[in-house]
Amino acid sequence: MPKWAKVLFEKWEKKTTTTCILPPSQIASDAGIQRPPRPDAQAHIKIEQKGASVKISMSEVSIELGPKKARPLPPQEYVVLDLETTGLSSHRDKIIEIAAVRFRDGEIDDSYETLVNPGCRIPPEATGINNITDDMVAQAPAILQATTELLEFLGDSPVVAHNAKFDMGFIERYLHAWPEIYDTLTMSKQAFPDLRRYNLPAMCYSLRIESATFHRALADVMATQQLFEKCCAALSGKPVEVRKYPANINKLKLTDIKPRTEELDGSNPLYGKKIVFTGELSISRKDAAQLAADSGALLRASVTSKTDILIVGNQDQDIVGFDGTSGKQEKAAELNSSGKANIQVLGEQEFFEMLDGKVNVCLST
């Protein structure tokens, strides 16, 4: 019997539930891990008595890769990152400017800044926002060189960004390992819950943070650093989410969702239709996807010419932009207008009505 099991049963003493916390050396030894976990690692292993049986539920075993208590804020050293791009989609659009500044004890220690040649023309809409033109990037390094230099600059330092999901979405394909990430968008909502808007200009206005301009990478980095410090002060002693993994590592896997019945209703308007979700619904995305699967829908992660239905929930303008339209909505509109698709765009209430079979829509097959 492994050491952890012996300890667990010794602690159990006929209690219905017992939790055992093990030191990292024991975790490594019993799990056969060649490379030991970090010194602050702990394994939480749970044993339960259910009726007359006793079992260890392995699904409830977790390895904590860091302490649960709040980390000291701000860190002694961190890098603030910002990108300027040709648009909002990390799949279709390109990086055109990168700025990263390393701070140590609150003071600037080093910096990296470059324009990036996207290999395509910069849309007028993007130039209208960030004032970066084709001529400015003509002699700039290509994305692979720029991101290689950026990653060398980042090293092992924690990264701070405002709406980090956006920035990391553009550079994740170039990363070999993920840094710790502090998102000032998330921190701002936790530190200042009564504000109406949480985009960077709005936060700077609310907290009286001065910025020379917005939507240029270096200026946004400096504004984000001030915002980070203010969030740290407001959240002192409180738990702060620090990502140590890709933002989509726990992303819902649609392939894992299967119908809970073998007797599907072929008359349901969702039956056999390829559907995509975007935005936040009143129920979780997982629950909505499960209900759709139970109705015979074919779940898909992205909008293509083969998509039948796009279900639209509430959009966070701090993520999708001022027009409140997600990339999936834009893609659906583009495909429909070009005649390449006939995608039905439905709201949450229409989706729920279709689940009940109350709405029948004519869709191309």
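Predicted model: local features only at pLDDT ≥ 70, side-chain atom pairs only at ≥ 80, totals over all residues.
Rings first. A pair of aromatic rings is described by the distance of the centres and the angle of the planes. The search of the whole structure turns up 7 aromatic pairs. Take Tyr-78 and Phe-103. Their ring centres are 5.7 Å apart and their planes meet at 25°. Planes under 30 degrees apart count as stacked, so this pair is stacked.

Where do Tyr-78 and Phe-103 lie? Tyr-78 is in strand 5, residues 77–85, and Phe-103 is in strand 6, residues 95–104. The pair therefore ties together parts that are 25 residues apart in sequence. Tyr-78 is buried, at 0% relative accessible area. Phe-103 is buried too, at 2%. Ring pairs also bring in Tyr-182 and Phe-228, linking them with Tyr-78 and Phe-103 into a cluster.

Now helix 5, residues 143–154. Its 12 residues should span 16 Å at 1.5 Å a residue, and the end C-alpha atoms are 16 Å apart, which agrees.

Which residues of helix 5 are buried? They are Ala-146, Thr-147, Leu-150, Phe-153 and Leu-154. Seen down the axis, they fall within an arc of 120°, so they line one face of helix 5. Here is the general point. An α-helix has 3.6 residues a turn, so residues three or four places apart point the same way.

The face turned away from the buried side carries Leu-144 and Glu-152, which are exposed. The cover over the buried residues includes strands 5, 6, 7 and 8, and helix 6.

Phe-153 has one more contact to show. The charged end of Arg-102 sits over the Phe-153 ring, 4.6 Å from its centre. After helix 5 comes Gly-155, with a positive phi near 55°.

Methods. Residues numbered from 1 in each chain as written. Heavy atoms only, no water. Phe/Tyr/Trp six-rings, centres within 6.5 Å; stacked < 30°, edge-to-face > 60°. Helix = DSSP H or I, 4+ residues; strand = E, 2+ residues; numbered from the N terminus. Buried < 20%, exposed > 50% of the residue type's maximum accessible area, 1.4 Å probe, protein only. Lys NZ or Arg CZ within 6 Å of the ring centre and 35° of its normal. Expected span 1.5 Å × (residues − 1). Arc of directions from axis to C-beta. Contact = heavy atoms within 4.5 Å.
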